[in-house]
Amino acid sequence: MLPDPPDPVVIRGPDGHRHTLRFRLWRASTGVSVELHETRSDEREGYKFAVLGAHDGDVEEMTSRVLAIAHDEIGRSYLRRDRQLGRWTVATATRWPGG
């Protein structure tokens, strides 16, 4: 049996935007998955992170790993090509890279 998921976490991005993420722990046929999903008030999809470990893996270590990945990715600024302006701009929380 898997432990209860940790409480939600809030990570602030480089633009000051707060990202609330909830954990999900589940057992897949290939192992244990630990996921973090962003919950947004505007019902748009947000960040999603996951790690997969062995069935007998250390869930606490996997939780720490996925949280570290989330901190790294949310803390990074991304560029996107603005076709209207014809230049590169910093992507914002409402305009994801590639979107």
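**A strand pair and beyond**

Reply: Start with L79, which lies in strand β5 (residues 79-82). Strands here are DSSP runs of E with at least two residues, and helices are runs of H or I with at least four, numbered from the N terminus. The model is predicted: local features need pLDDT of at least 70, side-chain atom pairs count only at pLDDT 80 or more, and totals for chains, interfaces and linings use all residues. Residues are numbered from 1 along each chain as its sequence is written, and side-chain values use heavy atoms, leaving out hydrogens and water.

L79 is exposed, because its relative accessible area is 55%. The cut-offs are under 20% for buried, over 50% for exposed, and partly exposed in between (1.4 Å probe, protein chains only).

Now find T89. T89 sits in strand β6 (residues 87-90). T89 has a relative accessible area of 18%, so T89 is buried. Beyond residues up to four places away in sequence, T89 touches Y78, L79, R80 and D82. A contact means heavy atoms within 4.5 Å. Take Y78 from that list. Y78 and T89 are eleven residues apart along the chain, and their C-alpha atoms are separated by 8.5 Å.

Finish with the charged pairs. The structure has three salt bridges, each a side-chain nitrogen of Lys or Arg within 4 Å of a carboxyl oxygen of Asp or Glu.

One joins the side chains of R24 and E35, at 3.5 Å from N to O. R24 is in strand β2 and E35 in strand β3, eleven residues apart, and the pair links distant parts of the chain. E35 counts as buried, because its relative accessibility is 10%.

Another salt bridge joins E61 and R65, at 3.3 Å from N to O. These two are four residues apart in helix α1, so about one helical turn separates them. E61 is partly exposed at 39%, and R65 is partly exposed at 35%.

R76 and E73 also meet in a salt bridge, at 2.6 Å from N to O. R76 is partly exposed at 41%, and E73 is partly exposed at 24%.
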